[in-house]
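The structure is shown first.

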Amino acid sequence: MGKLLVIMLVCIFMAFESLEALDYGDALNKSILFFEGQRSGKLPVNQRVLWRADSALSDGKPDNVNLIGGYYDAGDNVKFVWPMSFTTTLLSWAAIEYQNEISTVNQLGYLRSSIKWATDFILRAHTSPTTLYTQVGDGNSDHSCWERPEDMDTARTLYKINSSSPGSEAAGEAAAALASASLVFKSVDSNYSSKLLSHAKSLFEFADQYRGSYQASCPFYCSYSGYQDELLWAAAWLYIATGENKYISYVISNQDWSQAVNEFSWDNKFAGAQALLASVSIYHLYINQVLNWFDILTFDVSSIIMFVFTFGCSGGLLFTRDSSNLQYVTTAITVLFHYSKTLTQARVGSIQCGSTQFTVSQIQNFAKSQVDYIIGSNPMKMSYMVGYGNKYPTQPHHRASSLPSIKSKPEKIDCNGGYSYYNSDQPNPNVHTGAIVGGPDKSDRFSDERSDYSHAEPTTYINAAFIGPVAALIGLDSNKTSRISSPGQLAKNITNSY
């Protein structure tokens, strides 16, 4: 365990080597702006990313359903509801937990709009109590083309789960997304919030009653960790959103599902559920109703802290695997910042992990080092967020930004015609501001080549997981005594639910 402390301190030291001051407010603004560049459907009049235009306006037509809107998942033109739902849950978690911090840089309205663009689509995709559309677009044909979403002529094939072909992971995550979003809109649009919560309950019942892995129902984004994590994650969010004891009873009765893991991702939610439930247990401590199985003082720290060190770090960055590694970094620090906040609420100044003691400040500083690495404090001396700082990726693996805007070149660029741009060594003609790419390899190298999708492709869930941590740092920067010393917003939401 002592080795872990050494790794932590080395990573912090290396990541603190920076050539310029880091502006967390600017990073937050741009990370939210990114989502406007990922929009599908009819764009609103207040659209700020002007190189994009309306696209995929007939989605859902083969089944006579309206599946217009939502987000393109990454650098392609397919809409995947499972990772889109995870993205939505992460965005909502940030909006709930760091509302004050996000408001100080005037981004709360934009963040709510980003969430609503996704939740409107998820509501449309949930066409009956036991039907959820999980994908729009044929992944194979889409991935064989390089064309703007505005020009798409590949099949917009529809995929769905239902009682005879279930996918509890996708339905469970959609339930978590809508339950968490219901809290975001509770004080600003109570009718919309109630609608979200009603669908969340229905989706959870569907996921639980018709248990089956999405592994058997998916063409892409298949499940590897099973559906138990999504069911716990959804039940936790539903408890926070409703205060109904049946949801926490569900968690308690299925507590044996939970396990120590080495990632928090679109596929595996155990670490996120554990961190979320830790804050729930703090609420119970406040009202002297301690959950028998989840006392924060005896919590298995390895599930929250240790998983981020499983694979060590290189040059200061956590490293899980060499395919879009920053997705695991951003989700890990989401959990670390939330858990450090929970420890502070419990008046626990440090935690014992084997023979090593970690203080709350050490946990926060380590998480900060990861944010700083992403936006410039790294061996390459570059930001991995497009448009942030003086040096950043210029060739993201992203169709829409790598092709001329339809507004500047209205002539159609067909499936094969786009490859002349794909093979170009010139920067993308459209700067996809705020996009966080997959990141460097294990040796901190980054080639900035459009064809290197493992490192150069942005995804919605990388950006979504970054927003909470960078918002936390805005709060820590503005008040060095730290706003996390007061009871958290999640506990307040539970109280308000009764």
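Is D448 buried or exposed? D448 is buried, with a relative accessible area of 17%; buried means under 20% relative accessible area, exposed over 50%, and partly exposed in between, with a 1.4 Å probe and protein chains only.

## Basis of the values

This is a predicted model, in which local features need pLDDT of at least 70 and side-chain atom pairs count only at pLDDT 80 or more, while totals for chains, interfaces and linings use all residues. Residues are numbered from 1 along each chain as its sequence is written, and side-chain values use heavy atoms, with hydrogens and water left out.

## Overall make-up

The protein chain has 18 helices and 7 strands. Helices (H or I, at least four residues) and strands (E, at least two) are DSSP runs, numbered from the N terminus. Of the 498 residues in the protein chain, 64% are buried.

Contact means heavy atoms within 4.5 Å. Among contacts in the protein chain between residues at least 6 apart in sequence, 77% join residues at least 24 apart.

## The annotated active site

In the UniProt record, an unreviewed entry, the annotation "active site" covers H397, D448 and E457. UniProt positions are given in the numbering used here, feature names are shortened, and annotations may be inferred rather than shown by experiment.

H397 is found in the loop between α13 (360-374) and α14, and counts as buried at 8% relative accessibility. Leaving aside neighbours within four places in sequence, H397 is in contact with G75, W146, Y422, R450, S451, Y453, A456, E457 and P458. D448 lies in the loop between α15 and α16 (453-456). With neighbours within four places in sequence again left aside, D448 is in contact with Y392, P393, T394 and Q395. The side chains of D448 and T394 make a polar contact (2.9 Å). A polar contact is a pair of N or O atoms within 3.5 Å; within protein, one must be able to donate a hydrogen and the other to accept it, and residues adjacent in sequence count only if both atoms are side-chain atoms.

## Disulfides

How many disulfides does a search of the whole structure find? The search finds 2 disulfides, a disulfide being a pair of cysteine sulfur atoms within 2.5 Å. One is formed by C145 and C415, with sulfur atoms 1.9 Å apart. This pair links distant parts of the chain: C145 is in the loop between α6 (139-143) and β3 (158-162), and C415 is in the loop between α14 (399-402) and α15 (419-422), 270 residues apart. The torsion about the S-S bond of C145 and C415 is about -95°, so the disulfide is left-handed. Both C145 and C415 are buried.

C218 and C222 form a disulfide with sulfur atoms 2.1 Å apart. Here the torsion about the S-S bond is about 120°, so the disulfide of C218 and C222 is right-handed. C218 is buried at a relative accessible area of 15%, and C222 is buried at 16%.

## An open sheet

Three strands form an open sheet in the order β1-β2-β3, with antiparallel pairing. β1 (79-80) and β3 stand at the edges, each with a single partner strand, so one side of each is left without a neighbour in the sheet. Two strands pair if DSSP finds at least two bridges between them. β1 is joined to β2 (residues 131-136) by 2 bridges, and these strands run antiparallel. K79 stands opposite V136 in β2.

## Two further buried residues

E173 lies in helix α7 (residues 168-184) and counts as buried at 0% relative accessibility. Leaving aside neighbours within four places in sequence, the contacts of E173 are W82, S85, F86, T89, E230, W233 and K269.

A56 lies in the loop between α2 (24-37) and β1, and is buried with a relative accessible area of 14%. A56 and S40 are 16 residues apart in sequence and 6.5 Å apart in space, C-alpha to C-alpha. Not counting residues up to four places away in sequence, A56 touches S40, I68, Y72, P149, M152 and R156.
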